[in-house]
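Please examine the structure below before reading on.

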Amino acid sequence: MCGIVGYIGQGPSSPVLVEGLSKLAYRGYDSSGIAFLDNGSITVQKAAGKLEKLTERLIIGGDEGIGIGHTRWATHGPATTENAHPHLSQHKQIVIVHNGIIENHLALKNELSWFGYDTYLSETDSEVVAHLIEHFYRSSHDLLEALHQAVEKMEGSYAIAALAADRPQEIVAVRKNSPLIIGLGEGENFLASDVPAILSRTRRVMYLNDDEYARLGREKVEIFARDLSPIDREVCQIDWDIKTAEKGGYDTFTLKEIHEQPRAIRETISHRIKQGRLSLELELLESMAPSLQRITIVACGTAYHAGLIGKTVIEELVGLPVQVEIASEFWSVARFLTPADLVIAVSQSGETIDTLQAIRLARRAGAKVLSILNVVGSTLARESDAVLYTWAGPEIGVASTKAYTTQLAAFFMLALSLSGSGQEAELLELADQVDQALATEETIRRIAREQAANEKIMFLGRGVDYYTALEASLKLKEISYINCLAMPAGELKHGTIALVEPGTWVVAFLTQSQTYDKMVSNLKEVRARGAKVLAITCLSGDSLADAADEIIHLPKTLEHYAPMVSIIPAQLLAYYIATERGLDVDQPRNLAKSVTVE
Ligand code: AGP
């Protein structure tokens, strides 16, 4: 959570910082701010609310071509201007931006009070970092050394960038469990939480690892290890286009990303099929496959739902038991892992701290980690034994859509690869079938208009359709703020059916012939109690007509591939209900795209 930018170069830094922040707003957007050097003193400008609140009052001038900026997702203290970053130190010599949580901030405040540091203007855990660096800087006059001494005292997670009022020649930075990248220019250099922030300026990037420090000057960038010994770091060339991180004519990133799914799925799959045969080129999988006894999948949110569907398809095609764990709960199962275990981590960003901590536990137990990731060069990529990339391209909308369907594609490929079941042709058809599912858009839009005010919405399914119901419900919750729920249809009668009353709207998924008749019966039960039913199905069966008020028909796929198609109308439904309600779909309240706090 939170986005950091830094710039050192020629001319005013504030336009560069604001442009960078606008590309990082997906990481947090409840307040923002910048700081730059201005004739030996530090100028800080910040505002509560979205970035526009900052830009509409931004004063540009006196800037020495060095500055840092921040877009916030509040952890300690509400989204006010005071709590927004950057934070100045007590004597205004140091300014910092911070992403993460300083867990021992109260103890540090206490310690610093002995040295006269007793003035805090915010409720954040971050402000103490500025005071701490200043405390050390006053004796050493070495900014990197002062940051290092401060970090030695900190507990928690952090990406920090700092400036000193009397050092216009450098920005210093450090990271632990929060991402930081460095962009290399000509006579200028950049710092950011993620690549899109710098992509319009440079494609040459260096990645900082945990516990590493960076010192950025105009002509050179230096990287240091935990003990401040210098490190050589390779320069990577970013090959994706900034346009893929723009709206391209759509009203929102989310709608654009929903429509990009056929392309994203096609690219994820087709590159791996050569002469009709799937080839993942994953040595780890090939070496472990013969003796594999079980697989554990770990992920959060939407990626967790992809994992549930991955479990079903692997169990069905490969016959191996698979368990799926929510990453933040993984600590309780990690102790049962052994070196014979394969753990599959799933993540769009590759920066989700819960998932990262989970794979660290897994690797400590000797298990091997294969990650399904979208972001190349992310922390998870670097800490995994092997990576299977999805080719979704940058996903900016907070609600995950194309990342989800490409994660399903990755699981389908893994299951095929492990089972050798030869269903490549059907796999290749999926992108077109998703395209056909998108043709339901106008119908869904009409239904969304009719249901937008409904506060009683329930998603039902059985087996894999229940997992789709979970994902559909999460999509609706996060962008429409409707307190909906997802249930296994057979479980309803054990309690939750008490909630059903006239006006309740039930959205049901029926893609599996084995559970079709039972689903139809469950839908009749809710209709008998006054619910209205929308059925989403890939199957043809007469009995459904009596059990649903409206039916969305989708193309028929192999049944274990159906979740990729059946989620499409649900994504559109969540999207259009949210827009009918006049909500900000790309940046829903309280959320951030990349969740880097535990
Ligand atoms: C989904 O719409 C959410 N934005 C969220 O649940 C997300 O999938 C989760 O936080 C995991 O993120 P990751 O894929 O980047 O690890």
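A polar contact is a pair of N or O atoms within 3.5 Å; within protein, one must be able to donate a hydrogen and the other to accept it, and residues adjacent in sequence count only if both atoms are side-chain atoms. The model is predicted: local features need pLDDT of at least 70, side-chain atom pairs count only at pLDDT 80 or more, and totals for chains, interfaces and linings use all residues. Residues are numbered from 1 along each chain as its sequence is written, and side-chain values use heavy atoms, with hydrogens and water left out.

**Ligand contacts**
- A polar backbone atom of threonine 302 lies 3.2 Å from an oxygen atom of the ligand.
- In the side chain of lysine 475, an N or O atom is 3.1 Å from a ligand oxygen.
- Of the ligand's own 410 Å² of accessible area (Shrake-Rupley method, 1.4 Å probe), the protein covers 91%.

**Shell around the ligand**
- The shell residues comprise 6 nonpolar (Ala, Val, Leu, Ile, Met, Phe, Trp, Tyr, Cys and Pro), 7 polar (the others, Gly among them) and 2 charged (Asp, Glu, Lys and Arg).
- Helices α9 (301–318) and α16 (464–480) each supply at least two of the shell residues; helices are DSSP runs (H or I) of at least four residues and strands (E) of at least two, numbered from the N terminus.
- Because domain 2 (247–422) and domain 3 (432–598) both contribute residues to the shell, the ligand lies between them; the domain bounds come from an automatic or database assignment.

**Backbone features**
- The peptide bond from histidine 85 to proline 86 is cis, with omega near 5°, and proline 86 lies in the loop between β4 (66–72) and β5 (87–88).
- Asparagine 177, a residue other than glycine, has a positive phi near 65°; asparagine 177 lies in the loop between β8 (171–176) and β9 (181–184).
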